[in-house]
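Subject: Structure handed over, with notes

Dear colleague,

Here is the structure I promised to pass on to you. Please open it beside this message, so that you can follow the notes while looking at the chains.

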Amino acid sequence: MKKIFTNLSVWVVFCLLSLNVAFAQNVTVQGRVTDAADGTALPGVSVVLKGTQTAVQSDANGNYSISAPGTGTLVFSFVGYASKEAAINAQTTLNITLTSSSQELEQVVVVGYGTQRKLDVTGSVATVKGEDITKQPSTNPISALQGRVAGVSIANNATPGASPQITIRGTGTIYGNTGVLYVVDGVWYDDISFLNPADVASISVLKDASSQSIYGIRAANGVVLVTTVRGKNGKPTINYNGTVGAQHVTNPVEMTNASEYATAVNEAYAIQGAAPLFANTNLGEGTDWYDQVLRTAMINNHQLSVNGGTDKSSYNLSLGFLDQDGIISTNNFKRYTAKLSNDFQLMEALKVGYNVTGTASRSANVPNSIFRALYTASPVVPVFKAPGAYGDPSDFNLGNGSNVNPQATLDFNNSRTDRYRVTGNVFAELKFLKNFTFRTSFGGDFGQDDIRNYTPQYFATRGQNTNISTLSVGRVATRNWIIENTLTYNNTWEDHNLTVLAGQTAQRFRSYTMTGTAQNVPFNRESDLYLSLGNSAGRTIEDSGSLSTAASYFGRVNYSFKNKYLLNASLRADGASQFYGGNNLWGYFPSIGGGWVVSNEDFMKDQTIFSNLKLRASWGKVGNAGVPINPTTLTVTQIPALIAFYGGIQNTGASINTLVPPALFWERSAGLDVGLEMGFFEGKLNVEADYYSRKTEQAIFNIPILGSLGTSNSRLLGNQADFRNRGVELVATWADKTSTGFGYTISGNVGYNDNVVLNVTSGSNPIDAGGDGLNNAVLPTRTVVGQPIGSFYGYQVTGIIQTAAEAAASGITGARPGDFRYADLNGDGRIDAKDKTFLGNPNPRFNYGLNTNFTYKNFDLTVDLQGVAGVELFNANLGNRFGNENYTKEFFDNRWTGGGSSNTYPSTSLAGGQNNQTNSFYVESGDYLRVRNLQLGYNLPSALVTKWKMQRLRVFANAQNAFNFFSYRGFTPEVGGAPTSTGVDFRVYPLYATYNIGLNVTF
Amino acid sequence: MKTTHSISWQKLGAACLFTIILGASSCKDSFLDVDPQGQQVATEFWKTEADATKAVNAIYANLRSWENVAFPALVIESTPSDEADKGSTPTDATFFNLFDQFTVGSTEGSLQSFWTGQYRNINFCNQVLDNIPGITMNEGLKSRYLGEAKFVRAYSYFRLVRAYGGVPLRLHIPKDNSEYNLPRATRQEVYAQIEKDLTEAAAILPASYPATDVGRATKGAALGLLAKVSMYQQKWTEVQNYTNQVMGLGYNLFPDFEKLFRVENENSVESVFEIQAEFVAGNNAANNSQYSQVQGVAGVPAGGWGFNTPSASLINSFEPGDPRRDATILFPGERTPQGDLIPTTVPNIGYNQKSYVPFSRFVSGNQGAEQNIRVLRFAEILLMNAEAANELGNTTQALTSLNRVRARARGTATGVLPDVTTTDKAALRAAIWRERQSELALESDRYFDVVRQGRAAEVFGPKGWKANKNEVWPIPQQEIDLSGSLLTQNPGY
């Protein structure tokens, strides 16, 4: 790779030196760009001197100023509006109105390695503008997409600072890197939580295989392209956006009180044949642990940006600060972001620029176990039994299932994660020979995470104490880079429009992790928390690293004829180090797409129904190299668990206790997309419909292997399965503005996806999973031919066993009255694994959203609804029991208390017999509908604002997740999870609503 | 700088195109050849004596794993007997009851865990047995290492054959996936292999080790296990022969029965084979033995989880005044010789004192992680010797060996545990069996001992044990499924 740099630098220098730029006599052209419909100023409109790189942008008031030859032509383009060309003809003032009437087709959309007019796109690409993202009170830009893009399913993680999980058109891959690819200004990321939503100019979601295909190697789960805000030509504009708000839990689950709990436990003991644990069950309310630990939490979010430039250079500097308290006390997340971008038009043909983002965040963590602990903690245990003395579950002999005082867990938890990240790119773009553009870009992503945990020496309860303090310090360093070179040829002649792209990229991903622990570190002040202050004996240190590389070549042809007939084709070849050493190093990913703009045909001229009618179809292949590094290399295991002791002395142990697959192939997906785009009523109503079918071939899975192999890995990686995602999407948008100044947009979208496993190479072996953290090796999901990935699998409950006679006849070993009765599906008179069946699908079949926006004079109102339907969840919190965990009030009120008392709810002896096996009782509908966002804004009158030397002053109030409608018995139906354990609700941060008031100021 | 406009553009274009091509061509496949970071690749292993040493260490280390010493082992080898109950609170880890009440089905997770745990031992042994012969190293050490691996492999197969009957006999690392799936060998074939491994190990292994190697398998361990394996097959001549050999190796009974099980008396003169465990400050990954923790006193910070507790039947089974009753069971309200007071509020009638580590020794991590697991003691060698001698009609030797065990148990107490004097074969057999119950209580011997004595229906019947079914546990269902039903299920499951 060194060679690339050398070559590049030599030639770039050469290019610069050999430039000879002559400018014709120029005039300064000024003007204002406004919306043709309502006359409002259009800021950020790109004004380009045709045939050159000279370009400026309109300022916040729509004004622009450009130096250009009097004979030239200016091209005005803006996302969402039709581009317009205007000859200068020696004028110095050119006021331009842009019309959004045919916006659907003329819109410029960001696609892989370039932009296209929406007209020319033959795949399925959804674009969300930055202003729609900043309107959402989300702290993560991806979270703001929820409900806005058909076919995109987003499960938010409510932990402050955590990234949401995004799924595009169903689960595309199961193993390894199952996330989408984010490309921010040309640099690839797995996660963009470092990005301040206010810095986003637009997001393009590449949904179909043909548009993803240009990102071959990493496109299997979809691609999200993010363009950030860059400097605009004009006076410096200062923007301030700020919100202050409060967050509060919305749908708390009511647990039993002390008296009810004691009653429930005594009933369970009686069923187990044991004496009652509580002699007196009249214990009053006891402790409400959720009430004890949850709080109304503050959130502060402020952004300040400066933007401006000349026609030779532009800049954008933005600073952000987020301070979010978690609704669990002691939980807090702070994020500081700074982003700077500069563009320099060095010469008429040469533009260079850079873009750098620095992020620092600090998270005061709460242990993941707290969510489970709050659910299981017994209400009979007081928070404190005496001043300074924690209530102790052992005082009540509650056993292992409920042996935690959650307040003590939080009080003795000292866990902090600091993340630092600097990322961005530098680029140079050269136009030559009129039609060619060469662009080279180098992007880097450098991160460091510091994770620090300190457990003091303490005694809280008999189950929560330690005789020695422990400090653990972890450092994770990331050093990734990507280099990209592209050459674009673009030409329009007569009725032909042709763009040809050729490119090459190389990437390297490197990470280092080092973790050290020491005991007996004193802690009087923060500055004590260093490993070297601890005991020198018993220190541990572990380090590990990973390195992978990828090299890629790609090309694409876009051709359109008379703006009616469209053809796009691309091919990408990727080599990935993960597949080195076999015959599968390179993967090839082609795509092809065609379109027909019917409305541009002559025979459509006289019809008035359609303002736009376009048919498109495309096909493409994408790959997935997201498998472990060096997956087929057998390595030696040398871990502390293999240390042998002879005479009390440690002896390092090492051996080979794993199996690796002999070879792995590229996992590939091939997808077809057929779309129909229609505009009615002069473009007021736009409808877009898509059908897609994507098949993942030779998907990489970890499948169980025989225990008698004696390996430490109970699973083996291999190309094991084929599966398919198939569905339809529909988007309809109505936008209009009345003569009275009332403007509105109503946009609805719905996506339906059907996920099914088509084939499992290894035969009928099922892939059971989803049991992480659950007891007794319960694996609630199964992936098998004919069913969706990760379907819930277990017993079908047919009722509750009422009598001893029924128990004896139930076929369930050890059954007692009050236990679940399971369906004997194979009719052999006994209930065993052969009677398990599919109980639900954790992959949402429907995702939908309704986004509305109303403006009247100075007021604006946004109401966004969002929901999912046709999805099931596994309520693992309810059924995963070791002993005397608490019960929900709802369960307690409906429980079986004796023959005939209930035929749907079992006795409180949930941990007994076969009751905690995966069964249909624990599988519930995860459908929900929520008011995702409500926002009311008011722009102060411009007369007043101008007097204050401002351009704009808007005040607003918003509410996120304020109203939620669902039947699920947990805290939130928004559960997420890895593909084979999606929808397993075990330790989920409770859902909360956020209420903000805010201010937008522009100077 | 006076080159004409158009030429400069063309040059530039050509230059940039050239850059791409060069960039492309320089990016050879070697850029994609990266090594695993921080991990030794397997092809670099098995080269030196140090590699051999590490691989043998791994064998011993794995013996203290969860599957070998904690829940999976206890539910299969201990709790189902009449000497132990589930323990803890009634609603905690109720799957123990499935074993304790003989209602377990083939899908229960512990069946798979115990199975896999034993095969992991076997894999570590097979790695050594297949690879060490090719290493250039001290030949004496090499053959000893092979002997040690054979001992642990035999021990693991013995635990498997007791638990499941015939199992797949995996004696080499599979070369490729055609060797992954093996059918069940017969019970006899498994026993034959165990005997072969132990005989070969006994011929090689030393009778003892220097202090820095104490804990490795010895000749006595191999012969002692061979005796036990023979006893399970009623090969009484062999039992007598092997136990006589062990008795000639210098072992003796440790004088104080209670102190025998304390940390400071590990690897005592009575120890024939112990699984070694230690507490290493700060290294919880090496402090991974949970043998003591899972059986420790519930509700006490340095105690444990309180499982596999002594049953009322065990408590009542001791002869009057037998000091072993108090040395075997921690009773609520008792103050231990080490000064710990067992609270009266604990949820169970007692706890296993043989796994007990005094509370004051607890620092952090798993309670009692330092407690060795006594696998084979000289007392059991004597009892096997007594049983074989009685079966072979050598009553005098039987009484001598038996009474030696009773004498130690008696210690300084008087008027208790009188010498057994009966010469009636059946009565003496019953006395030896009873002695085994008292001497080896809560050492994971009782369950399979009663089964091999052929009286499980009588002893465990009231708990639900059924003949022609419960002699063995079911083969794990997942293992049968993954074998494509090449593995067959045991009768009755």
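What follows is an account of what was found, going from whole chains to single residues.

Please keep in mind from the start that this is a predicted model, and that each value below was computed from it.

Chain A has 1003 residues, of which 50% count as buried, and its secondary structure comes to 12 helices and 53 strands. Its radius of gyration is 31 Å, close to the 30 Å that the globule rule gives for 1003 residues, so chain A is as compact as a globular protein of that length. If you turn the model along the principal axes of this chain, its C-alpha trace spans about 100 × 65 × 65 Å. When contacts in chain A are taken between residues at least 6 apart in sequence, 70% of them join residues at least 24 apart.

Chain B, by its secondary structure, has 19 helices and six strands, and 57% of its 493 residues are buried. The box that its C-alpha atoms fill, taken along the principal axes, is roughly 120 × 50 × 50 Å. For contacts in chain B between residues at least 6 apart in sequence, the share that joins residues at least 24 apart is 69%.

One open sheet in chain A has four strands in the order E3-E2-E5-E6, and its pairing is antiparallel. At its edges lie strand E3 (55–57) and strand E6 (84–87), each of which pairs on one side only, while the twist from one strand to the next averages 20°. Within this sheet, strand E2 (residues 46–49) and E3 of chain A are joined in the antiparallel sense over three bridges, and you can find A:Val47 standing opposite A:Val56 in E3.

Another open sheet in chain A has five strands, ordered E10-E15-E16-E13-E14, and here the pairing is mixed. Its edge strands are E10 (125–129) and E14 (187–189), each pairing on one side only, and the twist averages 20° from one strand to the next. Strand E13 (residues 181–184) of chain A pairs with E14 in the antiparallel sense over three bridges, with A:Val187 in E14 as the bridge partner of A:Val184.

**Nonpolar cores**

In soluble globular proteins, nonpolar side chains tend to be buried together. Which residues have the most contacts inside the largest nonpolar core of this model? They are B:Phe151, B:Leu198, B:Ala222 and B:Leu225, in a core of 286 residues. Helix H7 (residues 139–164) of chain B gives the most to this core, with 13 residues. Leaving aside residues up to four places away in sequence, B:Leu225 touches B:Ala154, B:Tyr155, B:Phe158, B:Leu198 and B:Leu376. There is also a second, separate core of 19 residues, which includes A:Val45, A:Leu49, A:Phe76 and A:Ala82.

**A glycine in a loop**

Finally, please look at B:Gly321, which is placed in the loop between helix H12 (312–315) and helix H13 (323–328) of chain B. Is this residue buried or exposed? B:Gly321 has 12 C-beta neighbours inside 10 Å, so it counts as exposed, given that a residue is exposed if it has 12 or fewer. Not counting residues up to four places away in sequence, B:Gly321 touches B:Ala413, B:Gly415 and B:Val416. Although B:Gly321 and B:Val416 are 95 residues apart along the chain, their C-alpha atoms are separated by 5.6 Å.

With best wishes

Notes:
Residues numbered from 1 in each chain as written. Chains lettered and ligands numbered in written order. Predicted model: local features only at pLDDT ≥ 70, side-chain atom pairs only at ≥ 80, totals over all residues. Pairing = 2+ DSSP bridges. Helix = DSSP H or I, 4+ residues; strand = E, 2+ residues; numbered from the N terminus. Axes fitted to C-alpha atoms, helices over the stretch in contact; angles between N-to-C directions. Rg over C-alpha atoms; globule rule 2.2 N^0.38 Å. Buried ≥ 20, exposed ≤ 12 C-beta atoms within 10 Å, placed from the backbone. Contact = placed C-beta atoms within 7 Å. Core = buried A, V, L, I, M, F, W, Y, C linked by C-beta atoms within 7 Å.
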